[in-house]
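Hello,

Here is the structure we talked about. Please open it and keep it beside this note while you read.

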Amino acid sequence: MEFYSHPDKKLIVHLQEVFNINKDKVEDKFLKAYEIMAYGHDFGKFTTYFQKYLLGGKRNRFSDHSFISALFVGFCAIKEFGENNSIPLIIFNTVLHHHGNLENPSNDLPSSFKEITPNDYLILEKIEIVRKQIEDLSINRDDIGKVYRILGYEDCFKEFLHVNIEELMKKIKRIEVLTERNNKTDENYFIHQILYSALISADKLSASGTLIPEEKYVTYVDLNREREEKIKGKSGEINRIRREIFESIQENIQRSYDKTRLFTITAPTGTGKTYAGFFAALKLKELLNDNRKIIYSLPFTSIIEQNYDVIKDLFANIEDFESEKGRYLIKHHSLANMDYNTDKYDIDKLRAELLIENWNSGIVITTFVQFLETLIGTRNRMLKKLISMKGSIILLDEVQAIDISLLPLVDHVIKKASELFDLRIIMMTATKPFILNGAVELLAAHQKYFKFFNRTKIIPILEKKNILDFIEEFNNNIENKSYLIVCNTINESIKIFNGLKNIGRDIFYLSTNLLPVHRRKRIEEVKAALDQGKKIILVSTQVVEAGVDFDFDVVIRDIGPIDSIIQCSGRCNRNGLKDIGEVYIYSLYDDEKEAEETLYAKNVYGNSTLNIVKQILQNQAEIYEEDYFKLIEQYYTKIQEKKNKDKSEKLINSIISMNFSGDKSANEEKDRIPLQKFSLIENNAGYFDGFIIYDQTAKKVFDRYLEMIKEKNFYKSREIYLEIKNTLRDYTVSLPVKYQGIFNEQFGLHVLPYEGVEDYYNMITGFIREEKGYDIL
């Protein structure tokens, strides 16, 4: 009998492919474990139940293959590694969940390793299913035996046909208990994750029939030649400083490349960190004398687009770059188009998605979400690229954007991963948070450069001010300068915009209240006006703090964290071509409420952070840029003292104990947060995504969405989704649930029809909200 894993692929071919795709990426000491996983992960597909299902039959509980496959690899692993090793438990769990997200192995094991009781009724049901599947396998034992003879596991297969399933499960449960008691280390977690990643990435590539293009790499010399061409002729003091910083970093990486795995670059904004850090990574790759992938990770998609373009432009004279772009350089984030450019291989959108999600390129530009939720978490889709991260050089830019409560976790995981996965980390920042202590600083004289820059000064005005008084004061004192006003909430920003819109000056509005398609257009309009020297006003929320290259004469920011204030100052006198730019800090409150209770900032940042900011800024009339480094150090010191580290500690505890999903039969433990709950971006409780049919483009994409819903073929449906996903997001806005009744729910989308746009959406300020409120988004 012939056995198939997929309609067009023999099962033995699939098992061999899964092993061969990633065998060279798995460490030698874990290669046997990976071999067992690869050859056994689809063991249950040898049943006639599955083979009939594959030919078009109905799916039933006997055709499911993951549980019996997990038991088979657990059995083989116990034979290979014994019962006092955690590897059998690890590969049992990875195979069990290779088609879904990770859960705790205890959810599919008896409650005790001593006996299986009637209380384990779900386990008893699974045992009965496995018995029936083994009876079925025995009918074709000779044909299956031939397959496993070729793979080298015939004896294991034959013995498994006579195994006592209850005893096997109790043995695996005992390994779990011993691991929890005596062998609880974060090394087990990382072994589990890398083996899981190796399996699921290879499984998907083999199943889809995707040919894996060989990654392409470039030399430092080739790209640096183009960089030097681009900066040729640029004069002025700031460009001299940029060149000096660049050369210093390159010299220091050469001196210290073999002394550590962890590096930092601390430099003021606007000093060319993108070039300096990227070329340090290129030089490090060549100094280590191997083709390591470079992964450039940033906090926001808007910055990714900018940095991708900057790096892409360096390839101008690489002969085959345009025809083989995907093999050299990709960008990967939730809004990226799934295009993998290569003339050598035939890559459709579905296969392009797989290659991009597996980071199959020499250089990857991506987000913190993609990077950190690959190192920490349970999601199949995220974890499959972990195996491709192994041995890479990681650039982390603007780390201060990560929630400070998660920094101890990030610090712990990055240090462990760099050691276990042979990573090199280069962290770049202007406001250095307290992580990666002991890393080698590649810009040793960084404090000198902070002292050198004096483009801006912060002017704290901390007494609480009614928003209407602020609007009146601004109207009365406006000068012939360009102004950026940064607010903490959408309601606040709209109120200020409406209060100033008749000021007799070009005034723009920017926040996430606008549809992304309109937000992008607004950013272009603001840039064009500033480039023309117009003295415009922009009222914005924090969306402007990073990834938007604006240069205003004056910045006004409602009070917030010091690092946010300094980020805002980077939008003022950015290139140092004007007099010292002024950055005013106000404490604004709702005009109809008491100041103590209704500071807009309180609703976003809480009292603890704001009190620290006030302590640092009070009694200081002006703080010049040369003192920003000292200011941010002071802030992080106080924040570290006050900030609750419980969240990080509980997640670290879950890493050490491989607590993926928590114990479903008990209350969540007080000292652990299941890893499935980790997210770099907090879900905004009480918010929903609304799709607004604003114009014909939105209408056409919604019609295409309806076609996708009706399409029964998964692959065709997925192709349509990849085609339309970015346009769908372009017309989607996140809103408080109190507005949900305005939208029609249709096939999973909350839709505002074209007929309702005039009543509920304004091209200038976005979705029309109630005047009162403290909506953060």
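With which residue does Arg-292 form a salt bridge? The partner is Asp-422, and the closest N and O atoms are 2.9 Å apart. Before going on, note that this is a predicted model.

**Salt bridges**

Find Arg-292 in the loop between helix 13 and strand 4. Asp-422 sits in the loop between helix 20 (407–420) and strand 8 (424–429), so the pair ties together parts that are 130 residues apart in sequence. The two ends differ in cover. Arg-292 has a relative accessible area of 8%, so it is buried. Asp-422 has 28%, so it is partly exposed. The pair also belongs to a network of salt bridges that links Arg-261, Asp-290, Arg-292, Asp-422 and Arg-424.

The structure holds 56 salt bridges. Another one joins Lys-293 and Glu-215, at 2.6 Å from N to O. Lys-293 is in the loop between helix 13 (273–287) and strand 4 (294–298). Glu-215 is in the loop between helix 10 (186–208) and helix 11 (220–231), and the two residues are 78 residues apart. Both Lys-293 and Glu-215 are buried.

Lys-578 is in the loop between helix 25 and strand 15, Asp-553 in the loop between strand 13 and strand 14, and 25 residues separate them. Lys-578 has 35% relative accessibility, so it counts as partly exposed. Asp-553 has a relative accessible area of 12%, so it is buried.

**Cysteines**

How many disulfides does the structure hold? There is 1. It joins Cys-76 to Cys-156, with 2.3 Å from S to S. The link is left-handed, with -125 degrees about the S-S bond. Cys-76 lies in helix 4 (residues 66–81) and Cys-156 in helix 8 (residues 154–160), 80 residues apart. Both Cys-76 and Cys-156 are buried.

Cys-487 is in no disulfide. The nearest cysteine sulfur, that of Cys-568, is 10 Å away. Cys-487 has 1% relative accessibility, so it counts as buried. Cys-568 is in no disulfide either; its nearest cysteine sulfur, that of Cys-572, is 10 Å away. At 0% relative accessibility, Cys-568 counts as buried.

**Helices 25, 27 and 28**

Cys-568 is one of the buried residues of helix 25. Helix 25 (residues 562–569) is mostly covered, with 8 of its 8 residues buried. What do they pack against? Their neighbours are strand 10 (456–466), strand 11 (483–486), strand 14 (554–558), strand 15 (581–589), helix 27 and helix 28.

Helix 27 (residues 600–617) and helix 28 (residues 628–642) also pack on each other, at an angle of about 145 degrees and with axes 10 Å apart. Their crossing is right-handed. Residues in the contact include Ile-612 and Ile-616 of helix 27, and Leu-631 and Tyr-635 of helix 28. By class, the contact has 7 nonpolar, 4 polar and 2 charged residues.

**Two single residues**

Thr-541 lies in the loop between strand 13 (537–540) and strand 14. Its relative accessibility is 5%, so Thr-541 counts as buried. Among the residues Thr-541 touches are Cys-487, Ile-490 and Leu-510.

Tyr-449 is in helix 21 (residues 446–452). It has 3% relative accessibility, so Tyr-449 counts as buried. Tyr-449 touches residues including Ile-241, Pro-268 and Leu-443. Tyr-449 and Phe-629 are 180 residues apart in sequence, yet 9.9 Å apart in space, C-alpha to C-alpha.

Best wishes

Definitions and conventions: Residues numbered from 1 in each chain as written. Predicted model: local features only at pLDDT ≥ 70, side-chain atom pairs only at ≥ 80, totals over all residues. Heavy atoms only, no water. Axes fitted to C-alpha atoms, helices over the stretch in contact; angles between N-to-C directions. Helix = DSSP H or I, 4+ residues; strand = E, 2+ residues; numbered from the N terminus. Left-handed = near helix turned anticlockwise from the far one by under 90°. Contact = heavy atoms within 4.5 Å. Nonpolar A, V, L, I, M, F, W, Y, C, P; charged D, E, K, R; others polar. Buried < 20%, exposed > 50% of the residue type's maximum accessible area, 1.4 Å probe, protein only. Disulfide = S-S within 2.5 Å. Salt bridge = Lys/Arg side-chain N within 4 Å of Asp/Glu carboxyl O. Lists of a residue's contacts leave out its neighbours within four places in sequence.
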